[in-house]
Number of protein chains: 2
Amino acid sequence: MAETIERKELEDLQEDLQEVQELLRRQRLVESLVHRTEGPRHELEESLVHRQHQAELRRKLDAMHPADIAYILEALPIEDRLAVWSLVKSDRDGEILLEVSEPVRESLIRDMDQHELVAAAEALDADELADLAPDLPEEVLDDVFRALPVEEREQLRAAMSYPEDSVGALMDFDVVSVREDVTLEVVARYLRRFDELPDHTDQLFVVDRDEQLKGTLPLAKLVVSEPERIVAAVMDDARVALYPDDKAEDAAKAFERYDLVSAPVVNEKGKLLGRVTVDAVLDYVREKSESELLGIGGLREVEDVFAPVWESVKNRWSWLAINLVTAFIASRVIGAFEGSIEKLVALAALMPIVAGIGGNSGNQTLTMIVRALALGQIQPDQARALYRKELAVAIVNGLVWGGILGVLAWWLYDNVALGVVMTAAMTLNLMLAAVLGVAIPVIRTRLGHDPAVGSSVMITAVTDSGGFFIFLALATVFLL
Amino acid sequence: MAETIERKELEDLQEDLQEVQELLRRQRLVESLVHRTEGPRHELEESLVHRQHQAELRRKLDAMHPADIAYILEALPIEDRLAVWSLVKSDRDGEILLEVSEPVRESLIRDMDQHELVAAAEALDADELADLAPDLPEEVLDDVFRALPVEEREQLRAAMSYPEDSVGALMDFDVVSVREDVTLEVVARYLRRFDELPDHTDQLFVVDRDEQLKGTLPLAKLVVSEPERIVAAVMDDARVALYPDDKAEDAAKAFERYDLVSAPVVNEKGKLLGRVTVDAVLDYVREKSESELLGIGGLREVEDVFAPVWESVKNRWSWLAINLVTAFIASRVIGAFEGSIEKLVALAALMPIVAGIGGNSGNQTLTMIVRALALGQIQPDQARALYRKELAVAIVNGLVWGGILGVLAWWLYDNVALGVVMTAAMTLNLMLAAVLGVAIPVIRTRLGHDPAVGSSVMITAVTDSGGFFIFLALATVFLL
């Protein structure tokens, strides 16, 4: 019967959230009543109700997945968030801190004392602890470090030493390894001694006595093979093995390309260090794409929707400052032509069109080139073909759209020459945008920068100032 | 010994590509020689060399993973791409067509005749075929359809009936299912009858005789449990089961949240239809984030870097047209104040700053709200708190940055009143941007639209025209 399955509705989470909010609301109501009536008998009664609410809330939270609690915490305003947080069982604190976004994590950690933080941290694996470490106060980290067994302490030290966007940062140490000269029967007996295998164990790692990786034994292969066969005869060679200092992005591409669930990580000598699993990759891909979107939107980092005004101002400050500078430069370019504008005021109305369309067109080229660079589709010797193609697109667009605008300008201001200057300026600015749309990301990549970050600001700055300059200069020369 | 492991270097692909390009280059050289000398003896000799090159290239391609061949095809200009494509073994065509991006797929399919296309399609599973189907000519699809066995025909029909962004579109039919009343020993014997399990089989699905899903049996649990135990006693209840018409995005979130490798898909009656695996989810997340980036950059779809100029123009056309319209409206707003600009030409130089910073600030708010909406963090009753917060941020930024600009304007044009108008206009436009940054995505979500698409254009259009209007109107009223 279908009824026996407790299907986890995807919409359930929204309901969970509403229930929590309702409980919090009722609790606040009770608190305000206690506050108003003050009498000790009332206090007692009300606090009984209060405690019932708390117990209900706690029961609800205990039954939830850490990721779901994280979701609820993120969706609550600060005060409610801390009320819920205080009800979460302390041995789950660590897992939940790992799931929430950076600013929410900071708000939760600020609310915990050293003792709670140490307890939360100690419940985690070394690789998880390494992810949390940058947000923990130093005293907490010292305490945790001292309490760790030697092996885990080494793992933590290793995990913390890898840069953020490296395979090492994605790696965990939950590997199950076997020898190549035993039978599958022996492997099966060995596995039965586990209560459970680490999450995402889709394959066992085959190593020799020096922990050198010899191959991998997928569970799916183990279960379809005859028990008397030898591991070495059944195992796959480890086609994809990662180094801890490989780029995380490259590892993600390998997971996508070869549809992996886990991949071994080895050092230069081929010794098995750990593994990367697809859940870490999926989180990485999502975070990466999110931070790209934030970068384009002009936010420094993920913003807690309920952050205090001051936090938000700080998060958006640097980007606005940059834009202010580029806008001011563009304004000075216009300032240099004030004489011309005084003589022909139509220029003031038309110039933002030239600048704006240039920026849009440049960003189109940029987006395409950045994508192709990220996928490694552009070879150095193809740059010239790209310039040629983008210039051709720019000329077509410039003549067509610029032509339409030229006709509009002519019609509006009854001035043929103004229309011609408009068309010419549009075409020239689109050509400038095309060259920059290829040049900026290509050159930045060659200099070792990430072309996705900041290139859009640069191109818009140049096509703004450049568009104003081209249009006003052409007008000054040919119309006045 | 480490040497025994054939580690797949992530950089290898770049080398593969260069090798292929070198072979193609040499081949073209030979062709041009044949062409020039014409003589039949030469032709024979040269074509021998030619055939050697081809054989080498073919050998190289045969040894490559389909995803890697797809990468090479994408990175080659059209002519080379088709030369390589003709050398790929025809039974691999289908897999490779699935891996390449849409426009490249079209260029390859255009080069194939009906016979080749039918052969390529027939090598695929029903769910893969459904992904490819929209790009195939109808005759090909008819042929393939007729050749399919009944069961697969049904699966194909089902797979093609689901909308693009649904769980059904991600689903495959490669499920291995077992009964709940048998022992693990029996399951193990059953599995050994397979040559191999479908990719990403991390769990078996437990069904009754009506194919109702009763639970799941993870392989990791199977291998650690004693063989004499009964499936029902060991299995998990299927906590996450998806419906084919759930949104793919929600399924992706479930995979991320609960770190899944596969999840069963059931119909309303609980009957097992298929499964979704993490590789499909990873591809979906990557494609989704890519199409968001393309949308922001103003491209209609992924563009083949080597597409003809005309294809590129078409891909960018619609976006430029929209921007042209909004830019033209902004231009007419300025046009309405030409009299004021004539009297005080400084207005022309300062007005783009007000408009530009408004757009940037609005996009910051928008980005944050869109993200929070996507994560389900904003409840309807919280909208008012968000408006209040964003307005506060706008006022702080307006007074600070607007103040700085006001002082600059005062200093440049020696006009205190102009500076005050500048500061006031900046603050008002930032407030307009803040309100729109919350309102546009919230309202569009309520109307059932995706707030990520097009909201940025809308907000920029309003803050441009609005910024010009606010600044020029204030100036006209207070300065002239």
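The same surface serves both of them, as 100% of the contact residues of chain A recur in chain B.

A quick word on ground rules. This is a predicted model, where local features need pLDDT of at least 70, side-chain atom pairs count only at pLDDT 80 or more, and totals for chains, interfaces and linings use all residues. Residues are numbered from 1 along each chain as its sequence is written, while chains are lettered from A and ligands numbered from 1 in the order in which they are written.

Now the contact itself. Chain A and chain B each put in 109 residues, counting two residues as in contact if their C-beta atoms, placed from the backbone, lie within 7 Å. On the side of chain A, helix H19 (residues 346-374) gives the most, with 15 residues. Helices here are DSSP runs of H or I, at least four residues, and strands are runs of E, at least two, numbered from the N terminus.

Last stop, chain B. Strands S2 (residues 203-207) and S3 pair in the antiparallel sense over five bridges; pairing takes at least two DSSP bridges. B:Gln203 has B:Pro218 as its bridge partner in S3. The two strands form a hairpin with five residues between them, and B:Glu211 in the turn has a positive phi of about 65°. Thanks, everyone!
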